[in-house]
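Hi everyone, thanks for coming. I'd like to walk you through one structure today, a piece at a time, so please have a look at the screen.

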Amino acid sequence: MAFAGRRDVPEAPDFGILKRLARDQLIYLLEQLPGKKDLFIEADLMSPLDRIANVSILKQHEVDKLYKVESRPALSASDQFCFLVRPRIKTMRYIADIINADKMSGRSRKYKIIFSPQKFYACEMVLEEEGVFGDVTCDEWSFYLLPLDEDIISMELPEFFRDYFLEGDHRWINSVARALQLLNSLYGPFGKAYGIGRCAKMSYELWRELEEESEGDGQGRKPEIGNIFLMDRDTDYVTALCSQVVYEGLVDDTFRIKCGSVDFGPDVTSSDKSIKVLLNAQDKVFSQIRNEHFSSVFGFLSQKSRNLQAQYDRRRSMDIKQMKNFVSQELKGLKQEHRLLSLHIGACESIMKKKTKQDFQEMIKAEHSLLEGFDIRESTSFIEEHIDRQVSPIESLRLMCLLSITENGLIPKDYRSLKTQYLQSYGPEHLLTFHNLKRIGLLTEQSAGETLTAVESKVSKLVTDRAAGKITDAFNSLARKSNFRAISKKLGLIPRVDGEYDLKMPRDMAYVFSGAYVPLSCKIIEQVLERRGWLGLEEVVRLLNGNEFLVSGSASAGLGVGVPGAGVSHSALPAPDSAAEDNPAWESQRVVLAVFLGGCSFSEIAALRFLGKERGFKFIFLTTAITNSARLMEAMTEAKA
Amino acid sequence: MSRARADEEEYWHSSKFRAFTFDDEDDELSQLKESKRAVNSLRDIVDDDDDDDLERVSWSGEPVGSISWSIKETASSSTSSLEGRDSSLQKGSSSYAAFPKQVSSYSLSSLFKGRNKLPSFQSLSDALSDTGVKNYAPELRRPKTEYKDYSSDWSPKDTVRRMQRGKVCSLERFRSLQDKLVLLDEAVAGHDGNVITAVLIFLKRTLRREILFRELEVRQVALCHLIHFLKETGEQKLLLDLLRFLDRTEEVALSQYREHLNIQDVEKRREFLKVCIGLPFSAEDTSHIQDHYTLLERQIIIEANDRHLETAGQSEIFRKYPRKASILNMPLVTTLFYSCFYHYTEAEGTFSSPTNLKKTFKIPDKQYVLTALAARAKLRAWDDVDALFTTKNWLGYTKKKAPIGFHRVVEILQRNNAPVQVLQEYVRLVEDVETRLNLATKYKCHDVVIETYRDLKDRIQLTAYKCKVERGSAEEEKINSILSN
């Protein structure tokens, strides 16, 4: 993987302006309701809001009391209520109940609803039905993009995944298109657009349409982001389902990183308090271990603590003047480092304890067997035992899904027996979960469709690629298959390694999964960027169910639709071909906005950061939300209304 | 088969994944502990009062002044407004300084305080001018009336476009079925789910449902939107009609079954589940629903009985181990555990006996043994554990047998702090020699280790093990006698 002439990685653009824009617009909207008001905030919006504003900003704009939406409203004397919410039917009913209760008791107040990131017609319909339509004013807070870190921007829409992939609802596509429009106007124009997946394609098309209508500002500006790559989560479920072993991923799996920060409980802080810690590039300790395989983290931390000790020890041999210098200049930094170190050491300890208890080693073994495709029976009994022992319901579900996707569905006997045992262990209502998983294609039963595969592969040998593609589509409509095994073989996702895989000196992206598996999503991005298109990847694309595209010089080009590897080629605009890319003025051509529709995991982020360093790319991540296996599984369960 | 086996051996013997294991507790943890000691030893130097530059956080760890923190505050003391707190806060010169010290501590986020600080306020236009973008969110400042535009005759395409931009458009003039469908198709082609749903709301209001359903049957994307919309608004009856029209009988059944989640009262829930048995599920799922019903029925009986027993205070087991929660609505395996815990010896005839549950729900042996073992081990009823694995053959000899690996049995026993005598009996039964040795060494079952090395005729290991047993103990003697033979 050594690349001749490693280029320096370009800097990421400054995304601070996104925060400022969001804050300023919110202030503007609050000022639209002059005077003192109580503010009701949707629970999901609290953490994102915390990242861009604080209470004193709200107070400056005459917010009196703050409430969480859904808690019963306290008796409030305020004359004005402002609701800051996601566009949800349930929330509309909650607001309508408040207004109607006021009306019944003869209270008159002003009401304002601020929808973030946008308003839905269905919400207005509910307001109308509840008879409060004229009583409220509605506004939109276009808070599409929250920069979580120097290179991560999140739309903070975890529901995107279920809404689009399970329910088939396209409601968030407009939001994605608007997010792209905003980024394009601030950091674009994007030169080249790559994508794979139906949603990716639709988002791209809708965004282009929005662009065509706007006046096309910033044409003459020097772009900071040269390429975008859009990808649907269902292109690669496998990666998202794997246990994470890079530090940031493990912290997310173990403690749940929420909006870029994590709550470390008493077991980590070794005190009786929890501490909320912001995890990003500013954290000098974290930024050095976040992308590392967990096994390298210990060594790093102990080295670091030894260094720290040594620096403190210097104190002993100091005279007064040196000491004064030390205290005024170095002590503060050392103290910060000390705090961070003890937190991350505490986190590591806690992770180790939890994972050892959970048979993590055995689980990873089973996962790796599934990825490589051998010893399926043994892995199946491992999963079975996991279920029987009532170990975590989410983990059991995750392993079953991994088995299903890698094997193109479970054999009917296994499916039935695992499902029965699952319902017995974790509750019969999970019948609904199984139905959802089947619908989305995460956990299926091999059926007649499976015998078709044999026929299909015979047929495809006889006819041309094109026709084979069509036949596959026909088969796919019968049962969506993941084709993981074939894709894995084609792309070499399971590295052949002789001897030990050195996790401290990784040779490829597989290090994020202990050297056992190169994340498919990242491999696709790598391949397409390397080839500057889909050419030569026809077979892979076919196995991924198509919907790939490439548009160069996005300002005027349309979509290359459907035909594998087609796309509009380097003709229309100054195509950033290799000569241009070597030109330092084209630095932006080496900045790639990777857009994950339906969420991306920290392992994927780590893998692409690694790839970027190897090849001189800077990846910026735009995701609908940070995700991991547990979040995907939880999105598939049914809760009471 | 043998090839696969060989591959596998090769795989696990190759050192590829040996580099790091999560089982390797000793090594890694000790390294960590060392680091921790080093860091902790510095605490005295570091924890002084010099904390002026740190942000205060409340006991819950939220930085004071953060929004999440304030909401919790409003929730806990809804009478005092932010104003009230403010005045107390502002006694000090800096805004948070007067906050009582004992409730605060350092938050890591304080290290990045520079980023949290109120920025010098740039206006929207200022912020934008340096990037050359002029019209971010231009709609905001326009008067509301401009949004409305009922008079113009927008084409279906333009109507959809305007709606995508969030403008209000009247759909009333799309009256012919033809017009309505063109509008719907345009909406779908525009990829904006919000608009698709808006058009569907209009169609739902202006078309007879059979006609709407018929048209949606050939428009899958729009159909998904309507189904999702009906789920969200809770229009269950219409949803069921639609699913029936589409002949999606399984979804009809599931959608009705789903409603049980919203029924709190157990009696009503049981009644409801009874009705669900008759829904058009697949044969397999029907039996799951039947089981769900039967299970709840049982739980109601058991719960009533046991609550009575517990309050009466007659039963020793309930006195000694009071119940932590009711058994209602728990999964089957949990119920089985409960019954193995409280009702182990009951005759099969009673509803609460484990054997009865096993029979009624056809619980596989493996599952049953795992659960019973966990329950009896928790009570430290080692005789019951013993009986669980003892079988007699036709000649009357007894033998230990388990449907799960004995290494699992050992693990469960160990977790419940079984004494070494009990533990080693099961460690001895672990078939794989290496696993047996590992477990025996880990849990200090010396006899098993010694016997295994003896059987392996491994003098070197046996000699080495001598230093692990106590000097002058029976174990040492045993080793010596083996070695001298």
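**A walk through the sheets, a helix and some cysteines**

Let's start in chain A, where 7 strands make an open sheet, in the order β6-β7-β14-β13-β9-β8-β12, with mixed pairing. At the edges you'll find β6 (146-147) and β12 (548-552) of chain A; each has a single partner strand, so one side of each is left without a neighbour in the sheet. Before I go on, please keep in mind that this is a predicted model.

Now look inside that sheet. Strand β13 (residues 591-597) of chain A and strand β14 (residues 618-623) of chain A run parallel, joined by 6 bridges. To pick out one pair, A:V595 sits opposite A:L622 in β14(A). There's also a helix packed on this sheet: α23 (residues 520-531) of chain A touches β8 (192-196), β9 (227-232), β13 and β14 of chain A. The direction of α23(A) makes about 145° with that of β9(A).

Okay, on to another sheet in chain A. How is the pairing here, parallel or mixed? It's parallel: 5 strands form an open sheet in the order β2-β1-β3-β4-β5. The edge strands are β2 (63-68) and β5 (136-140) of chain A, and each of them pairs on one side only. On average, neighbouring strands of this sheet are turned by 20° against each other, ignoring direction.

Let's zoom in on strand β1 (residues 37-41) of chain A, which runs parallel to β2(A) and is joined to β2(A) by 4 bridges. Two residues we can follow across are A:L39, whose bridge partner in β2(A) is A:L66, and A:K37, whose partner in β2(A) is A:V63. β1(A) also pairs with β3(A), again in the parallel sense and over 4 bridges. Over there, A:F40 stands opposite A:F83 in β3(A).

In other words, β1(A) is mostly covered, with 5 of its 5 residues buried. β2(A) is mostly covered too, with 5 of its 6 residues buried.

What lies across these strands? Another is α4 (residues 89-104) of chain A, lying across β1, β2, β3, β4 (110-115) and β5 of chain A, at about 170° to β3(A).

The buried residues of α18(A) include A:D414, A:Y415, A:L418 and A:Y426. And what covers the buried residues of α18(A)? The cover includes α16 (376-388), α17 (393-406) and α19 (431-440) of chain A, together with α16 (283-312), α18 (332-342) and α20 (365-378) of chain B. Just after α18(A) comes A:G427, with a positive phi of about 120°.

Now the cysteines. How many disulfides are there over all chains? The count comes to 0. Take A:C82: the closest cysteine sulfur, in A:C138, is 11 Å from its own sulfur, too far for a bond. A:C82 is buried, with a relative accessible area of 1%. For A:C199, the closest cysteine sulfur is in B:C224, 13 Å away, which is also too far for a bond. A:C199 counts as buried as well, at 0% relative accessibility.

Last stop, chain B. This chain has 27 helices and 4 strands, and buried residues make up 44% of its 485 residues. Chain B is divided into domain 1 (156-247), domain 2 (263-363), domain 3 (379-443) and domain 4 (445-484). Taken over C-alpha atoms, the centres of domain 1 and domain 2 of chain B are 45 Å apart. And of the contacts in chain B between residues at least 6 apart in sequence, 46% join residues at least 24 apart.

Conventions
Residues numbered from 1 in each chain as written. Chains lettered and ligands numbered in written order. Predicted model: local features only at pLDDT ≥ 70, side-chain atom pairs only at ≥ 80, totals over all residues. Heavy atoms only, no water. Buried < 20%, exposed > 50% of the residue type's maximum accessible area, 1.4 Å probe, protein only. Contact = heavy atoms within 4.5 Å. Domains from an automatic or database assignment. Pairing = 2+ DSSP bridges. Axes fitted to C-alpha atoms, helices over the stretch in contact; angles between N-to-C directions. Disulfide = S-S within 2.5 Å.
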